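Work through the exercises below with the structure open beside you. Try each task before reading its solution.

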Amino acid sequence: MPADAQTDVSRRLTSAPEIRDDLMAANVGDEMVVFDPQTQQMHRLDPMAALVWQLLDGTASVDQTCREISEELGVDVERVRVDITTLVADLEQRHLLVGTLPTNGIEKTAAADEHGYWVSMPMTGCVASVTSLGWSDLIGIDVAGRGIGIRTNTPALAQQVRELFGSHVVGDTDDAFPNISLRAPEAEGEGKKDLGRLYTRCTLVGRSANLDELLARMLREVDGVVAPFASDAMRIHGAILEVDGVGAVMAPEPAWTRLVPHERSLAQDGIRLIARDGVLDANGTVHIPPTRIQPSAAAGSAGPLAALGQELTLKLRGWLLETGEPAGLAIAPGRGAMLAQAAIVNASLLDPQETLQGLTRVMESTPLVTYIGEWRSIAENVRACVTRV
Amino acid sequence: MNSELQGPGADFLASRVFEWIGGPYRALGHTFQVRTESAADFQPRLANSLEPLLDPSVAHPSHTYDVIDQGQPISGRYVVYDNGSKVGASASRYVTAGRIHWLTNQGAILTAAPGVVQLHAGGVQRSGLTVVLPAPMDAGKSTTVAGLLRAGYSYLSDEVVEVGPLRAITTTFPKALALDRSSVQLLGSLDAPFEGATAEPQWHVTAGGLSAGPAPHIPCHADLFIFPQYREGADTHIQSLTPGEATVALCESTFKFRERAAVALPLLTELAELVPARRLIIGDLTRAVALATEELGKIAHHTHQGGHQHAS
């Protein structure tokens, strides 16, 4: 045995491995399956591994465990050592033991960590070769509360993709999330005609001279990227106003664009327009990925905004809706809820039904106010949301 | 049957004239109707492919998908609205119709009934026994389902099968099968779903178009899992999966598994223990259909002998 391997075996024999406590495991017959929520991977353990799994609780060294198994089963201890150290090495490689999970995540790029809610997936194809093809745009879309990056090789193609996804487009993003890469077929001309190509996670999944075929195929690829990851969280497209660090008031589109001109006036009133877009959970908490925090709000921030680079969470205190009607607290919550729901349907979600059920629950305990397009009215009503709580 | 439009485009849409209105449709828990300004452009593409989802009992579909024709041969000519909100546009009728199918699938996926797992799977039935075929995209799931329908099976779905405790299946999603050109060629002698479809890369073919009917035994139980995997030129064969292998494969084919792992994992392990699972490597469709049928025959025999099913 090479010296390095010998050292590895010795190290393992003296270690006291412990199974990570955040794993989800279930016995199936005499096998075991394990779901790792950190890496999103499933693992299957054969009957022998499933048996040893129960013993790896961090209290005994591998050597002690081997001796116990040897005595229990009447098997030569050296043979047991070979089997168990191999098994422990395998579990280490799969990052299932305490201390074996890289701190930066296994499947996530650093940039994916930074963005939080973007769908990060391991690249499975020839990343270097696909990356070197040359790309012009990367479009961020939001499907069922998950961000997906679609990379194109020409601005014209990017425009077609933006049109195709319409309100699902949440803006351009950086090149860290090419979940899907789409190259247009080369125009007819002199020389060899190049087929269009579609890549998912840098793996070629389609080639065609017909761009429509590739676009339709891309829709299905988006399904493939999103489906296993679809979230119950409710993604709100619009402005998020923060009042004295007390909580958030959400102004779904189209209020966002109307609020921008009033940003400075509102800030003077202690109301900061801190983000565009956020995720609302069923408990009425607004989660804002760090990159969504407005730079102007982040500058010189205090209170909850001080922890930049981290997700910001705020309690939802109310909704601000522009209705064209006299400003004030909505007397009929049902009508307000309907208006807010419409705004959120507009936001993104492909199927609002589930979202609306969750949203309705949240709205039962959340004030709704209306405003007219004038900053004093906005300020008064945002503050009314907060003070009513 | 018109759902009340609430989005910002509601007033605009109220002023439009829709030549074709299809529905009401049901895709599992998702209900909808489709309206298009131009009947000629979209009715041939959508009326036939959505026909299996027609459900006259739906009084108020939760979604209305509208297709507006901006009239000019411009990028984004056909605009799709969902309940009055613009959700996309394309210059291509094919892509626009694809967008409607996509919205339909997404709607079905996101409306799971409580207590069930939604498998990304095909489903067929024969002699009262139900075969569920979970697989990732491009594994040959729809083609295999089409092959089985051609061989006399009846149809549950080529996209989503919901399975509950004790392997119960109480719903179906009998959408038109989405078949790529290569699959269409493989199946042979298939009627084009509409005039001009021959130029399109993917066809949406109803079970009726494959001379098959809807599954007659609903509710039912999952009796056999077959995980199809197409490999060009491969020797077609079938192999047993252990319950552990089947569980992993089922987890990987479960929608929203990550969010619902705590609920889904026990349900899937139960399924893997109760239902035999096979991996079907497909190089030749005819042979694959024969092998699947043979495997189902063994289960039918076992069932008629009064044996209990188990996953070994």
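**Exercise 1. A hairpin in chain A**

Task: In which sense do S8(A) and strand S9 (residues 203–208) of chain A pair, and over how many bridges?

Solution. This is a predicted model.

Step 1. S8(A) and S9(A) pair in the antiparallel sense, and five bridges connect them.

Step 2. For one pair of facing residues, take Leu198(A), which stands opposite Gly206(A) in S9(A).

Step 3. Look at the connection: S8(A) and S9(A) form a hairpin with two residues between them. In the turn, Arg201(A) has a positive phi of about 50°.

**Exercise 2. The other neighbour of S8(A)**

Task: How many bridges join strand S7 (residues 180–183) of chain A to S8(A), and do the strands run parallel or antiparallel?

Solution. 

Step 1. Four bridges join S7(A) to S8(A), and the two strands run antiparallel.

Step 2. Within this pairing, Arg183(A) has Arg197(A) in S8(A) as its bridge partner.

Step 3. Now turn to burial. Strand S8 (residues 196–200) of chain A is mostly covered, as four of its five residues are buried. To count as buried, a residue needs 20 or more other C-beta atoms within 10 Å of its own.

**Exercise 3. Strand S13 of chain B**

Task: Which way do S7(B), S10(B) and S15(B) run relative to S13(B)?

Solution. 

Step 1. Strand S7 (residues 129–134) of chain B is joined to S13(B) by three bridges, and they run parallel. Here Val132(B) stands opposite Phe225(B) in S13(B).

Step 2. Strand S10 (residues 168–169) of chain B runs antiparallel to S13(B), with two bridges joining them. Ala168(B) has His221(B) in S13(B) as its bridge partner.

Step 3. Strand S15 (residues 277–282) of chain B runs parallel to S13(B), and six bridges join the two. Phe227(B) stands opposite Arg279(B) in S15(B).

Step 4. Finish with burial: S13(B), residues 220–230, is mostly covered, with eight of its 11 residues buried.

**Exercise 4. A helix in chain B**

Task: How many residues of helix H4 (residues 141–150) of chain B are buried?

Solution. 

Step 1. Nine of the 10 residues of H4(B) are buried, and the helix is mostly covered.

Step 2. Check them on the model: the buried residues include Lys141(B), Thr144(B), Gly147(B) and Leu149(B).

Step 3. Use the helix geometry. An α-helix has 3.6 residues a turn, so residues three or four places apart point the same way.

Definitions and conventions:
Residues numbered from 1 in each chain as written. Chains lettered and ligands numbered in written order. Predicted model: local features only at pLDDT ≥ 70, side-chain atom pairs only at ≥ 80, totals over all residues. Buried ≥ 20, exposed ≤ 12 C-beta atoms within 10 Å, placed from the backbone. Pairing = 2+ DSSP bridges.
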